[in-house]
Each structure stands twice: as structure tokens, then as C-alpha cells.
Amino acid sequence: MLSLVLKRLVAAIPVVLIVATVVFLLLRMAPGDPARVIAGDMASEETIAQIRTNLGLDRPLPVQYGIAMGSLVKGDLGTSIVSKQPVASLIAARIGPTAALALTSLLLTVLIAIPLGVLSAWWHRRTFDRLTMALTVLAFSVPAFVVGYVLILLFSVTLNWFPVQGYAPLTDGVGRFLYQLVLPSLTLATVFVALITRITRASMLDVLGEDFVRTARAKGAPERYVLFRHALRNAAAPIVTVVGVAITTLISGVVVTETIFNIPGVGSLIVDAVLARDYPVVQGTILFFSFIYVFVNLAIDLIYVLLDPRIRY
Amino acid sequence: MTMTVALSPPPRSRLRAAARVVLHDRVMLWSLLLLLLLIAVSVFAPLLTAHDPAILSPRDRLKGVSAAHWLGTDSLGRDLFARIIYGGRLSITLAVLVSVSSVIVGLLFGLVAGFFRRLDAPIMRLMDGIMAIPGLLLAIAMVALGGAQISTMVLAIAIPEVPRIARLVRSVVLSVREEPYVEASFGMGSSTLRVLVWHILPSTINPLVVQATFVCAAAILTEAVLGFLGLGFPPEVPSLGSIIAEGRPYFQRAPWIILFPGTFLALLILAINMFGDALRDRLDPRLARKGRN
């Protein structure tokens with residue numbers, strides 16, 4: 001197992017480099033001039049030229065690329081123009097709320113979506129199944145910020161059950177921490193629940209037709225046991241894959257959810273940086289999130305091995 | 001069904017076949033009607049409302065639903081109905097531009113990667129790299145750096161969609177290129193370009209049409225999110241996202257400022273998603289079974 005982890009880690013290095021290169025190229029490809037945007041409408045040509053020099057944007061593209069990659073290898077994501085702090089430490093200071101939000105949403109998703117998907121597959125084409133599928137299409141279509149405001153209107157403004165906005169760190173006590181996270185996690189989880197429910201259902205439908213399921217039933221195993229022990233276990237791999245690919249959706253959702261609920265996480269860091277035209281922070285945060293994607297998918301490759309002993313790398 | 005639609009040669013009967021499919025598929029019919037209604041409302045916006053979406057009228061601020069203002073007014077007294085349907089115009093325009101451009105670029109990459117073995121690995125690694133970057137963040141960064149022009153916006157929303165289309169096209173090409181009729185065409189001395197255009201391209205059309213509808217939905221959503229985060233077009237251009245963002249501070253007093261544009265947005269995306277789902281069941285049964293159904 002250890003050698004497998006090491007092998008996969010080494011294999012991730014070129015992927016990380018490709019991702020960094022793509023981010024670099026795409027941001028340079030954007031039409032318009034970042035120095036001009038940072039300087040604002042009123043700036044003189046000298047100020048713009050000065051900003052361009054400070055950011056190193058006046059150098060040839062290959063040189064800029066070399067410098068960017070060089071500092072990246074040293075673990076340097078750049079330095080904020082506004083606060084003059086390294087981007088890595090800005091992210092570190094804000095990662096707590098983001099991780100809490102993402103993890104509670106994932107947990108909520110698994111708790112809601114897996115049972116829904118399994119039951120939909122079991123009751124294939126019955127009312128429960130049709131209703132669930134209709135609801136997932138609806139959940140796909142309502143944008144997170146609309147879901148968020150409807151939840152606030154319903155549960156905070158009208159019923160007064162939950163706070164409208166804000167975040168409580170774990171140090172305020174577990175109860176308060178979770179209480180503040182209920183509405184944001186629900187908001188973020190909506191799309192995910194829809195996605196994972198559909199994948200669970202599709203994957204279960206494939207597996208429920210297999211011989212070993214029929215054998216288990218023929219042996220007289222209770223249906224609950226057949227569904228969750230035999231079928232779900234074998235249906236798990238595609239579900240885990242989709243969770244991995246959908247991490248980008250989760251990250252995009254985090255940005256929106258943190259804005260709606262005023263949560264001081266990495267998502268609001270990037271929004272603030274954009275509004276303050278803090279170009280290095282924007283780039284550094286995107287790189288950070290892309291690396292998270294690469295490593296989550298790496299971890300998922302390893303989970304496969306645990307889930308399914310037939311898979312060997 | 002798919003085969004008869006795809007193969008029946010004269011265009012009139014093909015149109016009639018398509019009409020028959022739409023009329024018999026209730027989901028497709030209703031989602032198409034809803035979609036056409038929303039598109040019509042947006043396209044004919046200037047004819048449907050006498051209000052200018054940009055005209056401020058401080059005396060009428062935060063008014064509820066009335067005969068003069070069908071959906072009320074916003075915090076600056078602008079007519080909400082006018083703003084929403086003009087916002088829908090922007091969303092739909094952008095959706096069309098994004099899906100056309102991402103389909104063209106993705107198609108090119110996919111065809112080349114699937115057909116020319118030597119270019120397959122480099123192109124697909126590039127696509128993997130783009131896929132690793134959260135699409136919304138990339139769009140945020142590109143719009144922030146390039147300013148909110150329509151070209152930047154289209155590019156920023158289209159790029160994250162390209163890898164998925166390229167992968168789809170590549171997989172179709174890989175399965176088709178081994179078919180006997182492709183071999184036969186090569187054997188008869190057809191050029192590579194001719195085989196690509198006449199024998200391989202047509203197989204990609206059905207899955208691409210389906211994918212394009214989902215790209216439309218994604219584009220509308222991303223534009224709305226950018227507007228919501230304050231990164232969309234300048235405030236005088238009404239966009240569904242920015243209308244909602246401007247309503248945030250007044251949300252508790254005047255919830256309709258967020259609920260009406262939110263509903264319009266959700267209906268628009270819902271209609272596209274349902275139409276896309278129904279279309280996929282018709283055009284691409286293989287995907288329907290494996291995928292989201």
C-alpha cells in the first residue's frame with residue numbers, strides 16, 4: 001500500500017505541472033490588460049507601466065513562466081498586492097471555514113443521496129423513483145444563491161430557527177459551530193445531492209441485474225442486506241468517481257455559498273481579491289483549488305483499491 | 001427511432017418526424033414550450049414592456065407587485081419585470097455564443113485527438129489540466145483580469161466546457177474509426193479530411209446537440225453567478241445575477257427582488273435541462289442508460 005501511495009504521488013507531479021501551466025497560459029490569454037484593470041480607469045500611463053513592471057508583466061512570456069514555475073516549486077503561490085502577505089498564508093488563515101463547510105456538505109450529501117438513490121433503484125419506475133428523479137432535475141436547475149436565499153427567508157426570517165448569516169469557529173463549541181453551518185451546508189449540498197442520487201440510482205440499477213444479487217436473494221438473504229451489503233458495495237466505485245470529478249462543482253459552490261452567508265473562507269478570499277484587483281491572490285487561490293482537485297482524485301484512486309480488491313495498479 | 005430520424009433523406013419528412021417525436025414526448029413538449037416562451041419573452045422584451053430597465057425612479061423604490069410594475073420595483077425604483085426580461089436576453093445571447101464556440105473548439109480537439117494517435121496524448125493531457133481547474137474560478141479570474149466585455153465573458157465561460165466536449169467527441173471518433181465503412185472509404189482512396197468530414201463527423205452530431213443544451217444551462221448559471229458576485233457587466237446592463245446581487249441588502253424587506261429573478265433563472269435552466277434530458281433519451285440512448293437517467 002505504501003509503495004502504491006508513493007507511486008501515485010510521483011505520478012501526480014506532472015499533472016500538477018500541467019495544471020499550473022494551463023492556469024498560467026489561460027490567465028495570460030484573457031483579453032485586456034491586467035495592469036490597466038488593476039490601475040483603474042483614472043490611472044496615468046506611467047502608473048500602468050509601473051504596475052506592469054512590479055508584477056513582472058513587461059517581461060517576455062517564457063521568462064514570466066519560468067519565474068512562476070520556479071517559485072511554485074518552492075511552494076510559493078505569490079504575494080498579495082494589497083496586504084503584502086504571501087498568498088499561501090492568506091489561504092492557510094481562511095481554510096478552516098471552507099473545509100468545515102465542504103466536509104459538512106459532503107457528509108449531508110452522502111447521508112441524503114445514497115439512501116435516496118438506493119431506494120429509487122429498488123422502486124425503479126414507481127412513484128417514489130419518479131418523484132425523486134423529478135426533484136433532482138429541479139435541484140440541478142435552481143442556482144445555489146437562489147436556494148440559499150429561499151432557505152434564509154424560510155428558516156431564518158420567517159421561522160427564526162437559524163441565524164441569517166455568519167460563521168462560528170469550532171472554538172465557540174461544537175453545537176454553535178454546527179448550528180451556524182446548517183443552512184450553508186444545505187445550500188451547498190443541494191446540487192450534490194441531486195447528482196449523487198442520480199449516479200447511485202444508475203449504478204445500483206446496473207448492479208441489481210447481476211447474478212450475484214440474484215444468488216444472494218435466492219439464498220434467502222434479507223432484502224436490506226442484499227441492497228446495502230451486496231449491491232451498494234459493488235455499485236460504490238462509479239459513485240466515488242463522480243464525487244471526485246464533482247469536486248470542482250463543490251469548490252465553485254463554496255465560493256457562492258460563502259458569499260451568501262458571509263463566511264470568512266477561501267471562497268470569500270478570492271471574491272474579495274477580485275474586487276480589490278489583487279491579481280496574485282486570484283491566481284494563487286485558483287492554483288490552490290486546482291491542486292486540491294488533483295489530490296482528491298489521487299486519494300480516490302487509492303480508495304478504489306480499498307473498495308474493490310480486484311483493482312490493482 | 002433515432003435511426004429513422006437520422007436516415008430519412010428528404011428534409012420535409014425529417015421535420016415531420018421530429019415534430020411527431022416532440023408531440024408524443026410530453027416532457028419534451030412541455031419543456032420546449034416553456035423554453036420557447038421564456039426565449040420569446042426575452043427576445044421581444046422591448047415590445048412587452050414600456051419601462052426602460054435602466055431608468056431610475058427613486059420615489060417608486062421597493063414597490064410591490066402592481067398594475068404599473070408587474071413584478072414590483074428594485075431599490076432604485078427600476079421596473080423589475082423589465083430588468084428581468086432584459087436580463088434573460090443577455091443570458092440567452094451568452095448561452096448561444098458559449099455553446100457554439102465551445103462546441104466548435106471541443107469538436108476540433110476531439111476529432112484530432114481521436115483520429116491522430118500521435119496528438120491524442122498531448123491534447124488529452126491539456127484537457128485534463130483544464131478540467132482540474134474549477135470552471136467558475138477560472139471564469140472569475142479571466143473576467144476580473146480582462147474586464148467584463150462580452151468576448152471575455154464568452155471565453156471565460158466556454159473554456160471550462162471544452163474538455164468535456166472534446167472527450168465526448170474523441171470517444172465517438174475512437175469507436176467509429178474502426179467501423180468497416182470507414183475502412184472501406186479509406187480503401188477507396190478517400191483523403192483523411194474527407195473521411196473525417198463525411199463519415200466521422202455525422203456520428204458526433206447527436207451527442208453534441210445533447211451536450212450543447214447542457215452547456216447552455218451551465219453558461220446561463222455561470223453568467224448569473226458572476227453577476228451575483230459583482231463581476232458581471234456594468235450595473236446599467238441588467239443581468240439576472242446582478243439583479244439578485246443588488247437585491248441582497250433589501251432582501252428581508254422586499255424578498256421579491258431576489259425571488260422573481262431567481263424564479264425566472266431557475267425556470268430557464270429547468271426548461272433547458274429537461275429538454276436536454278428528453279433529447280438525450282431520444283438521440284443518445286446509450287448515454288441515457290449509463291448516465292444521469
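I looked up the largest nonpolar core first: it has 165 residues, and those with the most contacts inside it are A:Ile270, B:Leu137, B:Leu138 and B:Ile140. Such a core is a set of buried Ala, Val, Leu, Ile, Met, Phe, Trp, Tyr and Cys residues joined through C-beta atoms within 7 Å. I noted that helix 13 (residues 256-283) of chain B gives the most to this core, with 17 residues. The model is predicted: local features need pLDDT of at least 70, side-chain atom pairs count only at pLDDT 80 or more, and totals for chains, interfaces and linings use all residues. Residues are numbered from 1 along each chain as its sequence is written, and chains are lettered from A in the order in which they are written.

I then examined helix 12 of chain A, where 8 of 10 residues are buried (20 or more other C-beta atoms within 10 Å of the residue's own, placed from the backbone). Among them are A:Leu269, A:Ile270 and A:Val271. The buried residues pack against helix 5 (87-122), helix 11 and helix 13 of chain A, together with helix 7 (135-146) of chain B. Helices are DSSP runs (H or I, at least four residues), numbered from the N terminus.

I checked B:Leu137 next; beyond its neighbours within four places in sequence, its contacts (C-beta atoms, placed from the backbone, within 7 Å) include A:Ile251, A:Ile270 and A:Phe289.

Finally, I recorded that 42 residues of chain A are in contact with 46 residues of chain B. Helix 13 of chain A gives the most to the chain A side, with 8 residues.

How values were computed:
Two residues are in contact if their C-beta atoms, placed from the backbone, lie within 7 Å. Helices (H or I, at least four residues) and strands (E, at least two) are DSSP runs, numbered from the N terminus. A residue is buried if 20 or more other C-beta atoms lie within 10 Å of its own, exposed if 12 or fewer, and partly exposed in between; C-beta atoms are placed from the backbone.
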